[in-house]
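Subject: Structure handover

Hello,

Here is the structure for you to look through. My notes follow below it.

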Amino acid sequence: MAGVALATTVLALALSSQAAAERRQPPLDGEGEGLELIANIPYTGGTDMELLTRNGRDYAITGSQSDAGDGGMRVIDVTNPAKPKVISWLKCVLRQNDVQISHDQKTVMLAQDGTGRPDGCMAFGKRGFMIVDITNLRRPMPIAFAENPLGSHNTTAHPRKPYVYNSSSGESDGLVHIWSIKNPAKPKIVGEYRTLSTSPHDIAFNEDGSMAVLAGGRGSIEVLDTTDPEAPTLLTKMFCADCQLSHDAKFTPDSRYIIVGDEANGGGAFPCPGGALHFFEMQGPKQQPVLVMVGVYEPNEVVFAGDATGVSSCTSHVFDISDDGTRLAISWYRAGTRYLDISTKEGIGFGTMGPGPHEIGWFIPEDGDTWSSKLYKGPYIYSNDLNRGFDVYKITGE
């Protein structure tokens with residue numbers, strides 16, 4: 001009960017001080033084609049986000065790892081995308097604050113890949129991921145913390161069952177812990193998988209949860225059979241020769257392709273074009289597939305490796321694929337949000353050129369450094385930005 005009381009106090013204080021803590025709204029300015037920036041909710045340190053629908057209303061759950069007093073987890077009502085509204089702000093600041101929603105949409109996992117600070121709530125002094133009850137979206141409550149010695153850079157919730165796979169990332173022991181959240185207040189390790197190289201940066205399931213793809217450092221990609229989520233087995237492994245740091249690997253909805261980004265230099269200074277998006281086709285028998293690279297995309301931008309702060313990353317980052325597998329929204333750090341036609345996945349798409357994946361919209365917001373961009377319902381893309389906070393784009397180029 002002490003944890004619930006603490007969370008209630010933190011939430012109340014956060015909501016009461018929101019107007020004072022959040023900085024002046026950034027302008028809805030920038031440059032682009034095919035996307036229009038229509039709304040912003042300002043805060044710093046914006047990282048990952050997920051979206052859900054409940055009782056006919058749409059919500060974004062966003063993470064911020066800000067040190068400026070405006071970090072934490074927000075629940076934003078986006079039922080009217082042009083007028084998003086924060087309905088709750090849980091001021092628990094975790095490093096990364098990667099967001100995952102459980103299969104039943106009752107809990108959220110927030111990743112902590114360093115030792116938690118005093119403002120980290122249940123994460124204080126710990127590494128791992130915090131579990132937040134979102135049964136009432138207006139009163140999210142931390143209910144448990146799953147400790148991992150190497151931390152949680154990302155977590156991945158199984159799409160249909162109460163399991164979470166933990167990614168510690170980095171040059172660590174390659175171990176993936178598998179957690180049961182059947183009782184989310186008492187998470188427990190029920191299995192593990194050891195990769196053939198470093199620990200994965202991130203993991204993604206296909207739609208029915210029967211397979212998972214692991215993106216690791218040094219370009220490593222592993223595909224697992226997760227029919228039994230507690231005891232995954234290796235189906236195939238390869239290295240993306242052109243990837244410095246394979247990142248955010250995802251299946252297309254039909255599980256035929258795997259799309260892998262290259263976060264070259266791990267979000268540090270890197271010039272653009274660079275850090276491309278790679279398309280692999282799953283070929284061969286189901287139990288012994290082979291990944292064959294069939295397409296590549298890079299934006300038609302030139303952004304140099306340094307800016308006034310000495311850092312300017314221009315690589316692919318967090319992306320999202322449409323339900324029909326023909327469109328993709330992706331954040332590209334300093335190169336903003338890119339909206340792609342991926343109906344043809346074979347070939348080289350450079351900007352709007354080429355026979356392969358290509359742009360049909362893009363926008364670079366003023367002072368933007370975009371971490372994640374995701375599609376949800378209708379002609380809208382939602383972005384979470386390190387400098388700007390939460391941005392909403394309307395797709396106009398279709």
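Is K377 buried, partly exposed or exposed? With a relative accessible area of 47%, K377 is partly exposed. Please keep in mind that this is a predicted model.

Backbone

K377 also stands out for its backbone: its phi is positive, about 55°, although K377 is not a glycine. K377 sits in the loop between β28 (370–375) and β29 (380–385). Y333 is another such case, a residue that is not a glycine but has a positive phi, here about 50°. You will find Y333 in the loop between β24 (327–331) and β25 (337–341). Y333 has a relative accessible area of 4% and is buried, since buried means under 20%.

Disulfides

A disulfide is a covalent bond between the sulfur atoms of two cysteines. The count in this model is two disulfides.

One of them joins C92 and C121, whose sulfur atoms are 2.1 Å apart. The torsion about the S-S bond of C92 and C121 is about -80°, which means that the disulfide is left-handed. C92 has a relative accessibility of 1% and counts as buried. C121, at 14% relative accessibility, counts as buried too.

C240 and C243 form a disulfide as well, with their sulfur atoms 2.1 Å apart. Here the torsion about the S-S bond is about 60°, so the disulfide of C240 and C243 is right-handed. Both C240 and C243 are buried.

A four-stranded sheet

There is an open sheet of four strands in the order β15-β16-β17-β18, and its pairing is antiparallel. The edges are β15 (200–205) and β18 (233–239); each has a single partner strand, so one side of each is left without a neighbour in the sheet. On average, neighbouring strands of this sheet are turned by 20° against each other, direction ignored. Within the sheet, strand β16 (residues 211–216) and strand β17 (residues 220–225) run antiparallel and are joined by five bridges. As for L214, its bridge partner in β17 is E222.

Aromatic pairs

The model has five aromatic pairs. One of them is Y165 with F205: the ring centres are 5.0 Å apart and the planes stand at 70°, so the pair is edge-to-face. Y165 is in strand β12 (residues 163–167) and F205 is in strand β15, so the pair ties together parts that are 40 residues apart in sequence. Y165 is buried, with a relative accessible area of 1%, and F205 counts as buried at 12% relative accessibility.

Another aromatic pair is F363 with Y393, with ring centres 5.5 Å apart and planes at 50°, so this pair is tilted. The pair links distant parts of the chain, 30 residues apart: F363 lies in strand β27 (residues 358–365) and Y393 in strand β30 (residues 389–395). F363 and Y393 are both buried.

A charge over rings

Which rings does R74 lie over? The charged end of R74 sits over the ring of Y43, at 4.1 Å from its centre. R74 also lies over the face of W89, at 4.3 Å from the ring centre.

Regards

Methods: Residues are numbered from 1 along each chain as its sequence is written. This is a predicted model: local features need pLDDT of at least 70, side-chain atom pairs count only at pLDDT 80 or more; totals for chains, interfaces and linings use all residues. Side-chain values use heavy atoms; hydrogens and water are left out. A disulfide is a pair of cysteine sulfur atoms within 2.5 Å. Buried means under 20% relative accessible area, exposed over 50%, partly exposed in between (1.4 Å probe, protein chains only). Helices (H or I, at least four residues) and strands (E, at least two) are DSSP runs, numbered from the N terminus. Two strands pair if DSSP finds at least two bridges between them. Axes are lines fitted to C-alpha atoms, for helices over the stretch in contact, and angles run from 0 to 180 degrees between N-to-C directions. Rings of Phe, Tyr and Trp (its six-membered ring) pair if their centres lie within 6.5 Å; planes under 30 degrees apart count as stacked, over 60 as edge-to-face and the rest as tilted. A charge sits over a ring if NZ of Lys or CZ of Arg is within 6 Å of the ring centre and within 35 degrees of the ring normal.
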